[in-house]
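Take a look at the model first, then read on.

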Amino acid sequence: MEEMSGFPKELVSRILHLHFRDCKTKVSGDALQLMAEFLKIFVVAAVRGVQQAQAEDLDTVDVDQLEKVLPQLLLDF
């Protein structure tokens with residue numbers, strides 16, 4: 001099974017197809033790779049937002065925590 005950015009190709013394809021109106025829609029390998037990278041960035045941002053909220057003794061993540069982690073996220077990529 002081929003993996004891209006830690007996400008299996010089949011998983012990324014399945015996630016995309018869940019939202020297509022036409023079940024015959026096809027996705028190229030390049031599009032799957034791009035979506036896998038978007039998912040990776042989203043997950044990293046979410047995890048860092050949670051860590052920031054925990055460091056501030058908060059139970060939920062809101063825009064403030066995400067704004068605090070975005071500069072480092074931009075430097076990572």
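Begin at Gln65. Leaving aside its neighbours within four places in sequence, Gln65 is in contact with Gly49, Gln52, Ala53, Glu56, Leu58 and Thr60. Gln65 lies in helix H3. Its relative accessibility is 2%, so Gln65 counts as buried, the limit being under 20%. This is a predicted model.

**H2 and H3**

In H2, the residues Ile41, Val44, Ala45, Arg48, Gly49, Gln52 and Ala53 meet H3. Their counterparts in H3 are Gln65, Leu66, Lys68, Val69, Gln72, Leu73 and Asp76. Sorted by class, the residues of this contact are seven nonpolar, four polar and three charged.

How do the two helices cross? The axes of H2 and H3 come within 9 Å, at an angle of roughly 135°. H2 is therefore oblique to H3. The crossing is right-handed.

**The loop between them**

Asp57 sits in the loop between H2 and H3. Is Asp57 buried or exposed? Asp57 has a relative accessible area of 70%, so it counts as exposed.

**H2 itself**

H2 covers residues 29–55.

Which residues of H2 are buried? They are Leu32, Ala36, Leu39, Ala45, Gly49 and Ala53. Ala45, Gly49 and Ala53 also belong to the contact with H3. Leu32, Ala36 and Leu39 belong to the contact with H1. An α-helix has 3.6 residues a turn, so residues three or four places apart point the same way.

**H1 and H2**

H1 covers residues 9–17. The axes of H1 and H2 come within 10 Å and cross at roughly 90°. H1 is therefore roughly perpendicular to H2. On the H1 side, the contact is made by Lys9, Val12, Ser13, Ile15 and Leu16. On the H2 side stand Leu32, Met35, Ala36 and Leu39. By class, this contact has seven nonpolar residues, one polar and one charged.

Met35 is one of the H2 residues in that contact. Not counting residues up to four places away in sequence, Met35 touches Val12 and Leu16. Met35 has a relative accessibility of 26%, so it counts as partly exposed.

| Residue | Relative accessibility | Class |
|---|---|---|
| Gln65 | 2% | buried |
| Met35 | 26% | partly exposed |
| Asp57 | 70% | exposed |

**Two separations**

Met35 and Leu66 are 31 residues apart along the chain, and their C-alpha atoms are separated by 21 Å. Ala31 and His19 are twelve residues apart along the chain, and their C-alpha atoms are separated by 15 Å.

Technical notes. Residues numbered from 1 in each chain as written. Predicted model: local features only at pLDDT ≥ 70, side-chain atom pairs only at ≥ 80, totals over all residues. Heavy atoms only, no water. Helix = DSSP H or I, 4+ residues; strand = E, 2+ residues; numbered from the N terminus. Buried < 20%, exposed > 50% of the residue type's maximum accessible area, 1.4 Å probe, protein only. Contact = heavy atoms within 4.5 Å. Axes fitted to C-alpha atoms, helices over the stretch in contact; angles between N-to-C directions. Parallel < 35°, antiparallel > 145°, perpendicular 65-115°, else oblique. Left-handed = near helix turned anticlockwise from the far one by under 90°. Nonpolar A, V, L, I, M, F, W, Y, C, P; charged D, E, K, R; others polar.
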